[in-house]
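Q: I am new to this structure and would like to learn how to read it. Could we go through it one feature at a time?

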Amino acid sequence: VISLGGIVSGRSARVGGDDMDEAIVKYVRRNYNLMIGERTAENIKITIGSVWPLEEELSTEVRGRDYVTGLPKGITLSSVEVRDALAEPISQVAGCVRNTLEETPPELIGDIIDREVVVSGGGALIRGIDKYLSKEMGIRVKCVDNPLLSVVTGAGRALEEIDLLEKVATAGRKAK
């Protein structure tokens, strides 16, 4: 949580896109005895992944190696199944957000409720992440327009305002 140019509270989620890919790999292995690679899992996540019910659920053909026979095998995987696979890692992300909000001073919670929580980075590309977190937190959540560029854009702006960057960096060290 950043307020008035300073870091008020924050946590680093120890879960990311690779963990979500691994969850998909494990789900497919457990439910279909099918071995797929991380690249295939990432493609599944991008193509049909969601953490909130879709108006029209999606599906995709997935090919891999059968664990029992060792032979190539194909299955059809649905977005509902991928949502099940992503339940644990996305729950960890929600827990991290929840803990950060719990550590935020009460006077700032009102501002967060009045405004919203903003999601950026690769996680913002997961379908329904805003709706999921909004339901979990009970507050409005939105995803930035260009989530993959937001960190770079923010870093560039910070460098343009080096005095403010120093202030934020110093506040972050004091918060620890």
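A: Start with pairing: two strands pair if DSSP finds at least two bridges between them. Helices (H or I, at least four residues) and strands (E, at least two) are DSSP runs, numbered from the N terminus. In this predicted model, local features need pLDDT of at least 70, side-chain atom pairs count only at pLDDT 80 or more, and totals for chains, interfaces and linings use all residues. Residues are numbered from 1 along each chain as its sequence is written, and side-chain values use heavy atoms, with hydrogens and water left out.

Q: Which residue in β5 does Arg-63 stand opposite?
A: Arg-63 stands opposite Gly-74. Another bridge links Thr-60 with Leu-77 of β5. Strands β4 (residues 59–66) and β5 (residues 72–78) run antiparallel and are joined by seven bridges. They form a hairpin with five residues between them, and Gly-70 in the turn has a positive phi of about 80 degrees.

Q: What is the order of the strands in the open sheet?
A: The order is β3-β4-β5, three strands with antiparallel pairing. β3 (34–35) and β5 are at the edges with a single partner strand each, so one side of each has no neighbour in the sheet. As a general idea, side chains in a regular strand alternate between the two faces of the sheet.

Q: How many helices and strands does the protein chain have?
A: There are seven helices and seven strands. Along the sequence, the pattern is β-β-α-β-α-β-β-α-α-β-α-β-α-α. The C-alpha trace spans about 60 × 30 × 30 Å along its principal axes.

Q: At what angle do the axes of α1 and α2 cross?
A: Axes are lines fitted to C-alpha atoms, for helices over the stretch in contact, and angles run from 0 to 180 degrees between N-to-C directions. The axes of α1 (residues 17–32) and α2 (residues 38–48) cross at roughly 100 degrees and come within 8 Å. Angles under 35 degrees count as roughly parallel, over 145 as roughly antiparallel, 65 to 115 as roughly perpendicular and the rest as oblique. α1 is therefore roughly perpendicular to α2. The residues of this contact divide into five nonpolar, one polar and six charged. Here Ala, Val, Leu, Ile, Met, Phe, Trp, Tyr, Cys and Pro count as nonpolar, Asp, Glu, Lys and Arg as charged, and the others, Gly among them, as polar.

Q: How is α3 placed relative to α5: oblique or roughly perpendicular?
A: The axes of α3 (residues 79–103) and α5 (residues 129–137) come within 10 Å and cross at roughly 50 degrees. That makes α3 oblique to α5. Contact means heavy atoms within 4.5 Å. Residues of α3 including Ile-90, Ala-94 and Leu-101 meet residues of α5, among them Tyr-132 and Leu-133. By class, this contact has eight nonpolar, one polar and two charged residues.

Q: Is Leu-77 buried or exposed?
A: Buried means under 20% relative accessible area, exposed over 50%, and partly exposed in between (1.4 Å probe, protein chains only). Leu-77, in strand β5, is buried, with a relative accessible area of 1%. Leaving aside neighbours within four places in sequence, Leu-77 is in contact with residues including Tyr-27, Ile-44, Ile-48 and Val-82. The C-alpha atoms of Leu-77 and Ile-44 are separated by 8.6 Å, although these residues are 33 apart along the chain. Of the 176 residues of the protein chain, 32% count as buried.
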